[in-house]
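Hi everyone, thanks for coming. Let me bring the structure up on the screen, and then I'll walk you through it.

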Amino acid sequence: MKKLSARRRHPLAAVVVLLLALAATGGLYAAFAPAGKAQADDSAQSLTIKEGKKLYEVGCASCHGTGGQGSSDGPSLVGVGAAAVDFQVGTGRMPAATSQGAQVPRKKVVYNQTQIDQLATYIASLGAGPNVPTKEQYGPGGADIAKGGELFRTNCAQCHNFTGKGGALTKGKFAPSLEGVAPKHIYEAMQTGPQNMPSFPDTTLSSKNKKDIIAYLNAVNGDKTENPGGLELGGLGPVSEGLFAWIFGLGALITVAVWVAARTAKAKKS
Amino acid sequence: MSTAANETPRSRGKAPAGERIADWADGRLGIYSLAKANMRKIFPDHWSFMLGEVCMYSFIIIILTGVYLTLFFHPSMNEVQYHGSYVPLQGQLMSEAFNSTLHISFDVRGGLLMRQIHHWAALIFLAGMFAHMMRVFFTGAFRKPREVNWLFGFLLFVLGMFTGFTGYSLPDDLLSGTGVRFMEGAILSVPIVGTYLSFFLFGGEFPGHDFVARFYSIHILLLPGIMLGLMVGHLILVFYHKHTQFAGPGKTEKNVVGMPLLPVYMAKAGGFFFLVFGVIAAIAAVAQINPIWAMGPYRPDQVSTGAQPDWYMGFSEGLIRFMPGWEINLWGHTLVLGVFIPLVIFPLVLVAIAVYPFIESWVTGDKSEHHILDRPRNAPTRTGLGVAWMTLYLTLLVGGGNDLWATHFHLSINAVTWFVRIAFFVGPVLAFIVTKRICLGLQRRDREKVLHGRETGIIKRLPHGEFIEVHEPLSQEQLHTLTAHHQYEPAEIGPVVDENGVERKVGTSEKLRAKLSSAYYSEDSQIPKPTVDEYKEITSGHGHH
């Protein structure tokens, strides 16, 4: 210590301190600076973004604006995230046939999954938003079906019906049927809240909860759902049951009555 | 009457066992005379007379399957955790009522089929009663002496509605719980006493722990007991009045033309019971009804779209759905007109059809008995009013299912609701006018047929080149059938001045009656049926027209 304090006033001391400070700053920077590797790996992603942008300019820009900023015909896409794109384009809702009408319906999917991914990556590059969920997030593993049912009845059934058969909203809008919708898309819909649907981000409905709901839907409204008791009659409740009772129940009985009444004992000889 | 026969010694040993049993029973119960008097009771044959049978048989089926269900159902609101065989509900908390209904559906042998037969039979029972009631209405079978029986039938329909409502509320599932909540809301909307009534019914705050047990007693004991009594009374009166019949040769107000109860009708009715049971069982085996497992247990914080009542309560749902949500807030109290007005209209819709027979008999002033049925066309005003009522009822059903109309026909639910609002007022009026016109048209056609015969479709060319269609005169039987109906004259207000020149006071009710009577029976409201003279004049001439 003595040595150091003795040379404190040396003419070159300032130079040495400066050098040491520079070395420390540089070293810290080298240690904490983002890896240069990311830049090198980006070529693939930037290519995807480029492809996505191309697709976007052809299929989407006329309504959503050339830079995704939106127009009078379509909302801004900045910050909607890849999940929203994957849902809207993956279920055929986008590109929409028209910006008019109550609601954009589900229809035939125009793009293949690679193209959808490219579009999604491009839109995600415009601003941060929810990512496309992984299979682990929406897959059936570790899901609690009963809990999902309870969550579904609490959060979803008031628009989508008990088992997701869909229902009416105001002025021609509707909550669509969830039959045959891919688990990934259901997850994304909850995450992003498309059209008239409220969004359920992870802060409201955790990733596990979403998994439970999807598992419940798969159990009660999937391809392998068993229907105890026979024909479901649309699963719409008492209205279709009443119609069935009148047409096939009373209808059949009246037919039988006409048949019985027509077969009278021929004892009219007296 | 049989004691004398028993005392005479028999030469050939004892009588056959069957005869001895019959004798034994007759000596104590007097069956023989009862059977003798009633076995040959005559019933006329028409398919529409069997609608009442459909109701009776489905009622019996409901009682039988209902007894089976009571063996396994626990009418309790105690909370339990589900551990049965339906996976998507495992571990969920639910009332014992819901739990035991799941148990019946999945773990009791034949339980689900019994539940489904019970529920389908209930829907068909109510539909049958509705159709039966309309048959009686449109044929004028409610006229003297059957007004009381009409009221019995009406009460059966209304009690059936409430028995059904209390029944489908028992499983305590999310759908029916929403229905009970709806009812609670309607009760709460009653000014002043609403909250008291609600607390009385539910034993405190909704839903409480009492309502399933209370509904259970009402559903399995109180209402069906009254209904069974009414049904027996209904049948006794049918026996006592004898059945009505359509007009035809040989049929008068003083006879019944048809087949005897035994053996023909016993066989027919017995067979028909099994056919009804078969049809209902087949439907119950093929089509699901009220899948409570899909709806989940009731929790007041949950609700599903498409929450409608069973069809017979659907018109109340319609009333509430199309009513604007008006309310009045005064001095810290709320009068919820949006719910209270529908609650007031609900009984009025039903009472309107119930009191009709009394209104009609007052208008006609007819005190004679009627056993010959009207053809609906021959009572255009009545038929028009009936169709108007049915239009109102159907409009309300459409309103009750407005969301399904919207989704299935790609309409706006607002548009459907507005349609119902307008149709509620306009529909019945239009239906009345159109129906009356159709009836008058059909009456003209009958008149034409009587006077000019049936169009044969044969075109004949006369020697001078004219083409005519050959009309074939009707048979005597057909002529009778088409002209058998009675036509009323419009009632007139008697002389306003009596023989002494003193002015008589004409009451408003008398004036109203005269007005209604002329609306019913004036020249605009019925086509005079052809008289014998008219018929003779036309048929005596040569050629046609």
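Before I show any annotation, a word on where it comes from: UniProt positions are given in the numbering used here, feature names are shortened, and annotations may be inferred rather than shown by experiment. With that in mind, the unreviewed UniProt entry puts a "transmembrane region" at residues 243–262 of chain A. Also, what you see is a predicted model, where local features need pLDDT of at least 70, side-chain atom pairs count only at pLDDT 80 or more, and totals for chains, interfaces and linings use all residues. Residues are numbered from 1 along each chain as its sequence is written, while chains are lettered from A and ligands numbered from 1 in the order in which they are written.

Back to that stretch of chain A. Residues 243–262 are 100% helix and 0% strand, with the end C-alpha atoms 27 Å apart. When I say helix or strand, I mean DSSP runs numbered from the N terminus: H or I with at least four residues for helices, E with at least two for strands.

How is the rest of chain A divided? The assignment gives domain 1 (43–126) and domain 2 (135–221); such bounds come from an automatic or database domain assignment. The centres of these two domains of chain A, taken over C-alpha atoms, are 23 Å apart. Between them, 13 residues of domain 1 of chain A are in contact with 13 residues of domain 2 of chain A. Contact here means that the C-beta atoms of two residues, placed from the backbone, lie within 7 Å.

Now chain B. It has 21 helices and 10 strands, and its C-alpha atoms fill a box of roughly 90 × 90 × 70 Å along the principal axes. Of its 545 residues, 39% count as buried, meaning 20 or more other C-beta atoms lie within 10 Å of the residue's own; exposed is 12 or fewer, partly exposed is in between, and C-beta atoms are placed from the backbone. UniProt, again in an unreviewed entry, places the "Cytochrome b/b6 N-terminal region profile" domain at residues 21–247 of chain B. That region is 68% helix and 4% strand.

So where do the chains meet? The contact takes 60 residues from chain B and 52 residues from chain A. On the chain B side, the elements giving two or more residues include helix H6 (111–138), helix H11 (261–286) and helix H18 (413–452). Which of the elements gives the largest share of that side? H11(B) does, with nine residues. By class, the chain B side has 36 nonpolar, 19 polar and five charged residues. For the classes, Ala, Val, Leu, Ile, Met, Phe, Trp, Tyr, Cys and Pro count as nonpolar, Asp, Glu, Lys and Arg as charged, and the others, Gly among them, as polar.

Let's stay with H11(B). Its 26 residues reach 35 Å from first C-alpha to last, close to the 38 Å expected at 1.5 Å a residue; the expected span is 1.5 Å times one less than the number of residues. Among its buried residues are B:Tyr265, B:Lys268 and B:Phe272. The buried residues of H11(B) pack against partners including helix H12 (238–262) of chain A and helix H4 (51–70) of chain B.

Last, confidence. Chain B averages a pLDDT of 90, and 97% of the residues score at least 70; pLDDT is the predictor's confidence in each residue, from 0 to 100. Over residues 1–6 of chain B the pLDDT is below 50. The model scores ipTM 0.89 and pTM 0.87.
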